Amino acid sequence: MAPDVGKVIPVERRRTCLHVQEIQTRARVEFQDITSQIEKIVADSGIRDGFCVVFTPHTTAAILINENADPALHKDFDNFLKRLAPSSGDYAHDDGNCDAHLKSALIGASKTLLVENHRLILGTWQGVFFCEFDGPRRRDLRIKILSD
Amino acid sequence: MAPDVGKVIPVERRRTCLHVQEIQTRARVEFQDITSQIEKIVADSGIRDGFCVVFTPHTTAAILINENADPALHKDFDNFLKRLAPSSGDYAHDDGNCDAHLKSALIGASKTLLVENHRLILGTWQGVFFCEFDGPRRRDLRIKILSD
Amino acid sequence: MAPDVGKVIPVERRRTCLHVQEIQTRARVEFQDITSQIEKIVADSGIRDGFCVVFTPHTTAAILINENADPALHKDFDNFLKRLAPSSGDYAHDDGNCDAHLKSALIGASKTLLVENHRLILGTWQGVFFCEFDGPRRRDLRIKILSD
């Protein structure tokens with residue numbers, strides 16, 4: 001790219017925002033809708049377009065992107081994951097929360113979302129959930145936004 | 001970093017590209033190879049090196065990175081996910097597509113790929129699939145590329 | 001943003017680092033802790049804050065973020081995934097490694113981590129694992145870091 005010789009070019013620096021979001025869960029297993037909290041962080045960041053990574057540093061929790069319209073679906077997610085990873089299985093890890101680690105591995109600790117016009121790109125029925133599998137606990141998410 | 005005093009420096013701005021990719025699926029469950037479509041978006045973007053996020057705003061669909069050499073494998077993926085999440089389970093969510101939400105949660109709505117030399121970094125047998133779990137439908141993916 | 005007219009502005013360019021990490025696995029199924037290797041790549045890159053994508057180009061392997069404190073947990077992950085995807089199932093894909101593809105799809109080929117103060121953001125008990133499901137083999141990971 002040729003420089004505009006003799007002219008100073010304004011430099012738009014990339015902007016990022018790293019946010020720690022506290023979450024209090026109230027049951028052993030909980031699917032907490034955190035969409036509005038992330039939308040607020042995106043809006044407050046002033047970043048118009050970019051990427052948003054939601055990361056849980058907890059190994060018995062996960063981040064899920066799925067439907068947030070029907071609360072009944074959470075019961076189905078709970079039953080489904082319980083069937084795959086029963087809480088009372090014959091586990092070598094004897095902290096009593098092995099099922100929670102397995103569920104966390106299936107759903108995943110990190111998800112990348114897109115930001116457009118100061119909002120998350122999400123489908124009509126789509127939300128972001130913090131999945132607690134070994135609660136109730138106080139949790140700290142990391143949410144990082146990178147501008148285009 | 002010290003400025004080159006008295007000299008104007010050319011500024012290479014970061015470049016991004018957000019693309020909406022239409023997908024038409026033809027069966028209830030389908031693993032549609034979208035690798036060549038994403039490669040075309042990467043090539044058209046002019047971005048040489050960077051990141052590529054593939055995101056589905058649909059909650060009964062997912063993005064999968066896996067082998068695209070043997071079509072028989074799709075049948076195995078279908079059977080495997082059906083066994084984990086049967087279509088006729090005892091579900092609280094009564095839209096008749098609860099299994100599709102569960103499969104979507106397992107495979108994931110968002111995947112991050114790497115771009116090098118105007119191409120996706122992929123293994124020899126590796127491709128990117130749009131996973132339809134509640135089709136046939138018309139779907140709109142979001143594909144965003146960020147340059148280094 | 002208004003330019004500082006008549007003054008040359010130092011330009012801090014974004015920095016990225018793409019690293020190929022060789023992995024040698026020693027069993028058919030193995031959960032190899034690669035946290036210290038990624039931390040070294042982050043430290044060597046000189047990038048203070050940013051994003052780190054860990055990607056496997058292999059379709060019978062995956063990247064897992066979970067507890068790295070109790071080695072017994074690996075046995076549980078192995079048993080769990082074996083139960084979901086038995087090695088001797090009735091599969092259409094007849095390479096003898098169909099179970100490995102299914103496990104890879106569940107855990108995922110790509111994970112995005114956050115970098116702060118030249119280190120990965122990880123919980124106290126959290127690590128990054130290369131999951132081998134069809135070893136022993138020599139594998140090549142791609143690890144890319146993007147500065148803020």
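Reader: Which residue takes a positive phi in the hairpin of strand 5 of chain B and strand 6 of chain B?

Author: Asn117(B) does, with phi near 55 degrees, and two residues lie between the strands there. Please bear in mind that this is a predicted model, where local features need pLDDT of at least 70, side-chain atom pairs count only at pLDDT 80 or more, and totals for chains, interfaces and linings use all residues. Residues are numbered from 1 along each chain as written, chains are lettered from A and ligands numbered from 1 in written order, and side-chain values use heavy atoms without hydrogens or water.

Reader: What makes strand 5 of chain B and strand 6 of chain B a pair?

Author: Two strands pair if DSSP finds at least two bridges between them, a strand being a DSSP run of E with at least two residues and a helix a run of H or I with at least four, numbered from the N terminus. Strand 5 and strand 6 (residues 119–120) of chain B have two bridges, in the antiparallel sense, so they qualify under that rule. In this pairing, Val115(B) stands opposite Leu120(B). Val115(B) also stands opposite Gly50(B), while strand 3 and strand 5 of chain B share six antiparallel bridges.

Reader: Why is strand 5 of chain B called largely enclosed?

Author: Buried means under 20% relative accessible area with a 1.4 Å probe, protein chains only (over 50% is exposed, in between is partly exposed). Six of the seven residues of the strand are buried, so strand 5 of chain B is largely enclosed by the rest of the structure.

Reader: Why are strand 1 and strand 6 of chain C said to stand at the edges?

Author: The open sheet of chain C has five strands in the order 1-8-3-5-6, with antiparallel pairing. Strand 1 (16–24) and strand 6 (119–120) each have a single partner strand, so one side of each is left without a neighbour in the sheet.

Reader: How many cavities are there, and what makes a space a cavity?

Author: A cavity is a set of points on a 1 Å grid over the protein atoms alone where a 1.4 Å probe fits but cannot get out; lining residues have an atom within 4 Å of a point. Of its 21 lining residues, the closest to the centre are Ser110(A), Lys111(A), Lys111(B), Ser110(C) and Lys111(C).

Technical notes. 1 Å grid on protein atoms, 1.4 Å probe; cavity = no way out; pocket = protein on both sides within 12 Å on 5 of 7 lines; lining within 4 Å.
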